Amino acid sequence: MKLYGYWRSQATFRVRVAMNLKGIPPSDNEALDLAKGEQFNDAYRKVNPQSVVPALIDGDGPPLIQSMAIMEYLEETHPAPPLLPRDPRDRARVRALALIPVAEIHPLMVPRVRNYVEKDLKLGEAVRAQWIRHWVGLGLQAMEAMLNGDARTGKFCHRDTVTMADICLAGQVIGAQNSDCDVKPYATVMRIFNECMKLDAFSSAHPRKQADAPK
């Protein structure tokens with residue numbers, strides 16, 4: 001498997017963790033410097049016309065894109081250990097928790113959105129930072145309420161086994177920390193994050209431990 005990514009990318013972090021948990025780390029990693037716009041190169045556009053990371057090549061089939069879709073693919077093709085519970089209602093809960101970072105928070109703080117707010121709309125760096133803190137705060141507040149108010153929350157988001165929800169939560173906390181957002185108010189979120197980061201599958205995928213991360 002070949003994984004296209006970027007050291008700071010939350011979405012790439014999610015896929016790295018899922019692959020680590022499944023015991024199938026990519027045999028080939030290709031780093032794209034998003035800050036330099038390498039994702040817009042013609043060669044990568046042929047891999048992913050949306051020009052975002054990650055993208056996963058698995059065998060001779062077409063590239064796989066979008067982190068949630070890739071994790072679902074890995075779950076179906078490499079079912080052990082499972083990253084979704086068996087019960088349909090529990091699966092729906094895990095997916096809902098995962099989608100708060102994936103669909104509600106992270107899309108509003110990716111580079112193309114940050115640059116549009118700061119530069120294209122000419123609102124400046126201070127407004128860009130305020131924008132990120134606002135959406136991160138709303139999303140983590142919702143996750144905290146969902147986790148803290150549900151008896152199914154255990155050591156991790158859903159009982160005592162790692163699921164996709166934990167992967168997405170951990171990536172979002174790291175993204176929030178990288179953007180200097182205050183994460184202290186979210187005690188349950190941070191407790192689960194700290195449990196996740198005790199696992200090598202998570203800690204080895206941390207952005208700062210990637211080969212293309214700045215020294």
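**Nonpolar cores and an aromatic pair**

In the largest nonpolar core of this predicted model, which has 51 residues, Leu169 and Phe202 touch the most other members. A nonpolar core is a set of buried Ala, Val, Leu, Ile, Met, Phe, Trp, Tyr and Cys residues joined through side-chain atoms within 4.5 Å. Buried means under 20% relative accessible area, exposed over 50%, and partly exposed in between (1.4 Å probe, protein chains only). At least two residues of this core come from each of helices H1 (10–22), H3 (67–77), H4 (88–105), H6 (124–148), H7 (164–178), H8 (187–196) and H9 (200–203). H7 gives the most, with 9 residues. Helices are DSSP runs (H or I, at least four residues), numbered from the N terminus.

Residues are numbered from 1 along each chain as its sequence is written. The model is predicted, so local features need pLDDT of at least 70 and side-chain atom pairs count only at pLDDT 80 or more, while totals for chains, interfaces and linings use all residues; side-chain values use heavy atoms, without hydrogens and water.

Phe202 touches Phe13, Val17, Leu21, Val162, Asp166, Ile167, Ala170, Cys196 and Met197 (heavy atoms within 4.5 Å). Residues up to four places away in sequence are not counted. Another core lies apart, with 10 residues, including Trp7, Leu34, Ala55 and Ala213.

The structure holds 3 aromatic pairs. One of them, Trp131 with Trp135, is edge-to-face, at 5.9 Å centre to centre and 70° between the planes. Rings of Phe, Tyr and Trp (its six-membered ring) pair if their centres lie within 6.5 Å; planes under 30 degrees apart count as stacked, over 60 as edge-to-face and the rest as tilted. Trp131 and Trp135 are 4 residues apart in helix H6, so about one helical turn separates them. Trp131 is partly exposed, at 29% relative accessible area. Trp135 is partly exposed, at 29%.
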